[in-house]
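Dear colleague,

Please find below the structure that I am handing over to you. A short account of the findings follows it.

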Amino acid sequence: MRTREACAALDAADPLHSRRALFALAQGDIYLDGNSLGPPPHSALERLEAAARHEWGAGLIGSWNAAGWMDLPLKLGARLSRLIGVESDEVIAIDTVTVNIFKLAGALIAREGGALAAEAGEFPTDGHVLEGLSRISGAPFHRVTADTPPSQLPDDVRVLVKSAVHYKSARIADFERWEREAAARGIAIIWDLSHATGLVNLKLKAWGAKYAVGCGYKFLNGGPGAPAFLYCARDEIARLEHPVSGWLGHKQPFEFEDGYAPADGIGRWRTSSPSILALSALDGALDAYDGVDMALVEAKAQVLGDILLERAASLGLETACPGLGERRGGHVVLRHEQGYAIVQAMIARGITGDFRAPDLMRYGFNPLYLSHEEVFDAGAALAEVIETREWDQPQFTQRKAVT
Ligand SMILES: Cc1ncc(COP(=O)(O)O)c(C=O)c1O
Ligand SMILES: Nc1c(O)cccc1C(=O)C[C@H](N)C(=O)O
């Protein structure tokens, strides 16, 4: 197991170390839940306040033009494109992950026919939304075994939704294999990048991916319920019909025509008035990623995860994620039958992680604000909580509604 001194030495040599100052995190708190809700960068809070006070408060309706509100989803899409490895005019920041899956899957199934598929054990919303789409469209829905490669999917599948990083196991998908096999079978993959964006060094275009959605409030730190994003490869945009055709996806919304004529370009994926305050917070939050080398971020996350896994091994804890030295997403998952109470006892010590039923403790690492030393300290605290049974108190053992 690495020592605290060895972790301090890693921090001293870490090019990302200084980014911690960009975040409004209380001194002493160790936040290991940024894979569920990222903390606010100062720039997000400042941008949000400016948008509320000056653009909305003072500028009023004139801000649609003067503050560039109408183009904010496209501006943010362009900023996000670097983080996922696609062109700047292929991404739009809009709606939620679930809604964006519906939009893409609905458009694809209408064009391609055939069946929809999602894996068992995926983040539930991915299957829920396809089931709903199946009910109204009549397209069959298959819930397939986790990690079924496209070459082994049922013959009629034309649309597969797949997480890039699994929310529980932290396994990273084999993008290139999946895309290669899917292309050979005429299957479109919609990648759910929720747990990957801002963490994994994504190169979607190079990997042959054409469709993806992702979350703004996890590693991107855009705030609770932040807008999600949608990626659609440029050549496919004009070939798909937006199933939620609303006035702002229209070519000329301010002509107020009865008939629907879709906009050109990625703006075609708009539906309604963009959530300007939420987009503004995300815009500010993305400053924290300016100039950041995503290869460095992914590599540091791997080491941070390893530090906690070394501790887990010394405690004899079972792990439910790729092991030491293995490639994984930004979190590690440890199994303990008292996992819920242990996570609560850790939170009481200022070390926040989360619990996923029935027995999984999930700890996430955003390399932009976490140091190697902090993760070492979190591991030491975990050892104490378990070894002294600190978790065995009613305030820790009683389940709360949101975990
Ligand atoms: C993999 C995954 N997909 C989708 C979602 C849901 O996103 P939204 O609330 O934006 O629909 C989450 C988390 O909430 C998630 O982890
Ligand atoms: N979006 C959430 C919420 O509003 C409350 C609690 C948790 C969440 C989450 O994002 C869960 C998360 N997607 C997960 O991976 O478990």
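Please note that this is a predicted model.

I begin with the sheet. Seven strands form an open sheet in the order β2-β8-β7-β6-β5-β3-β4, and their pairing is mixed. At its edges lie β2 (91-93) and β4 (141-144), each of which pairs on one side only. From one strand to the next, the twist averages 20 degrees. Within this sheet, β5 (residues 157-163) and β6 (residues 188-192) run parallel and are joined by five bridges. Lysine 162 has tryptophan 191 of β6 opposite. Helix α5 (residues 97-112) packs on the sheet, where it touches β3 (115-119), β5, β6, β7 (211-214) and β8 (229-232). The direction of α5 makes about 160 degrees with that of β5.

The next element is helix α10, which comprises 21 residues (294-314). Just after α10, glycine 316 adopts a positive phi of about 70 degrees.

Lastly, I turn to a ligand. Ser36, Phe123, Tyr167 and Val402 surround ligand 2. Of the residues in this shell, three are nonpolar and one is polar, while none is charged.

Yours sincerely

Definitions and conventions:
Residues numbered from 1 in each chain as written. Chains lettered and ligands numbered in written order. Predicted model: local features only at pLDDT ≥ 70, side-chain atom pairs only at ≥ 80, totals over all residues. Near = placed C-beta within 6 Å. Nonpolar A, V, L, I, M, F, W, Y, C, P; charged D, E, K, R; others polar. Helix = DSSP H or I, 4+ residues; strand = E, 2+ residues; numbered from the N terminus. Expected span 1.5 Å × (residues − 1). Pairing = 2+ DSSP bridges. Axes fitted to C-alpha atoms, helices over the stretch in contact; angles between N-to-C directions. Contact = placed C-beta atoms within 7 Å.
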